[in-house]
Amino acid sequence: MKKRKILKIIRITVMWLVALVWILPFLGVFMTAIRPMDEILDGWWNFKVFNPTLENFSKAWTHPTASLAKGTVNSLIVAIPATVIPLLIATMAGYGFSRYDFPSKKLTFVLIILTLALPQQMIAVPVFQLLNAFGLVDRYLGLILIHSAWGIPWITFFMRNFFSTIPRNIEEAARIDGASDFLVFFRIIFPLALPGIASAAALQFTWVWSDFFLALITIYSPEKLLATQRIPLMRGVYHVDWGLLAAGAIMVMIVPLLVYAVLQKQYVKGMVGWSLK
Amino acid sequence: MAQVVLEHVDKIYPNGVHAVKDANLTVEDKEFTVLLGPSGCGKTTTLRMIAGLEEITKGTIKIDGKVVNDVEPKDRDIAMVFQNYALYPHMTVYQNMAFGLKLRKFPKDEIDKRVREAARILGIEELLDRKPKQLSGGQRQRVAVGRAIVRNPKVFLFDEPLSNLDAKLRVQMRSELKKLHHRLEATIIYVTHDQIEAMTMADKIVIMRDGVIQQIGGPHEIYNKPANIFVAGFIGSPAMNFVNSTVIRGDGGLWIKASGFQVKVPKEYEDALADYIDKEIIFGIRPENIYDKFFARDAQPYNTITGRVDVVEPLGSETLLHVTVGEDEIVAKVDPKTKAEVDQPIDLVFDMTAMHAFDKETQKAIL
């Protein structure tokens, strides 16, 4: 009994330590963002003087050369279609892989899984050349296509696994009830797969939103820059306004957090898998 | 309502498993037919082929005189109740039951009428607005049946529908399904591995094993005249006793001679056994046809054997005795007032008019 109690205390302590390590940098950024420059020069953990302000946020939002307001709009223009397009395609592909038999199904699936192992740095040059050939460099469409292509394999994999947790009998019942393949998918499977789709959407959106690398190699016109690309531009040549940078970083982080908050209930279900219970 | 006919139907799965072999079966209009067998015997595959959920490898399936080999499940005019109910989890009970009618473009008031009527029959009217996850197993079962009956199909297919229910509910649903069959006058094909379900509900029982139909017949026929050792052993609980023995000619006729006993064959069976004189057969007798001599009405030296009691299992309404006779063990279902005690000798009387005999080679019934 006593041993169990001690173990519990150790477990909770370790959890807190890990959580602290995780949250400390974020707390630092947050404190830096809400305090004036002169207060944080001695370290954000120094609370002798504490005058919280939202000034850094408004400065970042309306920054003269790297306005986050414009950046947020641009990021949304990329992130929304780059979430919807791969989801639409990969959900159907995942369903196909989970339910239908076709020649070379295994091989195709293995190829799709293999692409998950590709590092982005490796494809940077060929992708750039490809976009260049199609005249899609410095255009959102090009970036959306890359993100979609990058998202399809893992969403296909994820959704296939999700679909295989849905009992086949439900589809068969619908088929006997009079539904065609198309109706089975949209009236039965799609609603049941919503938790999975929501999870995939949250992850893909976050990924696209916080991407820096792909945006860096494809978008370069100053007015087209995405939110993530604008934060480094807030650094002056001779002077770094840490408060401004921190505020910008937080504002960029908030969007995926909002997405999670909205989809949270579905997200948890999606991670657990489908069940009638 | 309709007749269902299977002619030389085979099913071979892509992985080479031969699940159903040359199945021939006629399910008459309005008949309650049960496909019965141990798991893996091909009964569910047969049902799924009738439903159109599995393609058939060879042969033809006809529903109402029409070949349906290449007809989609939705166009076969059948309804199916699944073992796990397969309700649509995101729809209410009402929507679950209305889904098939909606897809078939029934007018709204007709759908409403049918759903409410089915709900009334099944006693689930107050559940219509609930989702499946808010229902108990028994209620889900009723909804699944309701979803089938609203469509008023030609044939109902049931795939072990009661196996997920507890014992008490199963007994109740069994009689309800039987009543429902009378009421709907429907053709029903019902798959189960539970012989009691089969015996109590079926007009016709089809016994399958390893993809092969072993016997087709009414419950009494299957019980009293099993076609082979498998059927004889599968139907009845406890199972029939099988004893290796020899047919011999002796005092006043033919006798069955086993390692530990010798009993006389009734006159009327002698002709059938004439070809087996001095040959080995498998003698069969059901536990319920063996009596404690103390309570037997017709104990004669030629039908009485002596053994040693190994186990006594009182069940209340009767008592099971496991008795060693020579090299064989025999189970007898005797009067609960029996005085039998473990390790004591006991005299048992065989009702030889209920004896069975099987060919040792072919395992087919001789009697």
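Predicted model: local features only at pLDDT ≥ 70, side-chain atom pairs only at ≥ 80, totals over all residues.
In chain A, the centres of domain 1 and domain 2, taken over C-alpha atoms, are separated by 33 Å. The domain assignment of chain A gives residues 1-53 to domain 1, and 68-236 together with 244-272 to domain 2. Contact between the two involves four residues of domain 1 of chain A and four residues of domain 2 of chain A. On the domain 1 side, the touching residues are three nonpolar and one polar, with no charged residue.

Now the model scores. The ipTM is 0.85 and the pTM is 0.83. For chain B, the mean pLDDT is 94, and 100% of its residues reach 70 or more. Among the elements of chain B, strand 3, residues 32-36, has the highest mean pLDDT, at 97. The lowest, 90, belongs to helix 5 of chain B, residues 167-184.

Next, helix 1 of chain A, which covers residues 2-34.

Helix 6 of chain A, residues 120-133, can be treated in the same way. Its 14 residues should span 20 Å at 1.5 Å a residue, and the end C-alpha atoms are 19 Å apart, so the two figures agree. Helix 6 of chain A also carries a kink, of about 30°, and this one is centred on A:P126. Just after the helix comes A:G135, with a positive phi of about 65°.

Is A:M234 buried or exposed? It has 21 other C-beta atoms within 10 Å, and the cut-off for buried is 20 or more, so A:M234 counts as buried. Which residues is A:M234 in contact with, leaving aside its neighbours within four places in sequence? They are A:A60, A:H63, A:A66, A:D241, A:L244, A:L245 and A:G248. Of these, A:A60 is 174 residues away along the chain, yet the C-alpha atoms of A:M234 and A:A60 are separated by 8.0 Å.

That brings me to where the chains meet. Here 16 residues of chain A are in contact with 19 residues of chain B. On the chain A side, helix 8 (168-177) and helix 9 (181-210) each supply at least two residues. Helix 8 of chain A gives the most, with seven residues. By class, the side of chain A that touches chain B has 10 nonpolar, two polar and four charged residues.

Turning to chain B as a whole, there are nine helices and 20 strands. Along the principal axes, its C-alpha atoms fill a box of roughly 80 × 45 × 35 Å. Of the 367 residues in chain B, 41% are buried. Looking at contacts in chain B with a separation of 6 or more, 65% are between residues 24 or more positions apart. Chain B is also divided into two domains, domain 1 at 4-234 and domain 2 at 241-359. Their C-alpha centres lie 40 Å apart.

Between helix 8 (229-234) and strand 11 (241-250) of chain B there is a loop that holds B:P238. The peptide bond from B:S237 to B:P238 is cis, with omega near -5°.

Finally, two residues of chain B that have a positive phi without being glycine. B:H8 has phi near 45°, and it lies in strand 1 of chain B, residues 4-12. B:H8 has 12 C-beta neighbours inside 10 Å, so it counts as exposed. For B:N152, phi is about 50°. B:N152 is in the loop between helix 4 (137-149) and strand 7 (155-159) of chain B. With 14 C-beta neighbours inside 10 Å, B:N152 counts as partly exposed.

Terms used: Residues numbered from 1 in each chain as written. Chains lettered and ligands numbered in written order. Contact = placed C-beta atoms within 7 Å. Helix = DSSP H or I, 4+ residues; strand = E, 2+ residues; numbered from the N terminus. Nonpolar A, V, L, I, M, F, W, Y, C, P; charged D, E, K, R; others polar. pLDDT = per-residue confidence, 0-100. Expected span 1.5 Å × (residues − 1). Bend = angle between axes of the 7 residues up to and from the residue. Domains from an automatic or database assignment.
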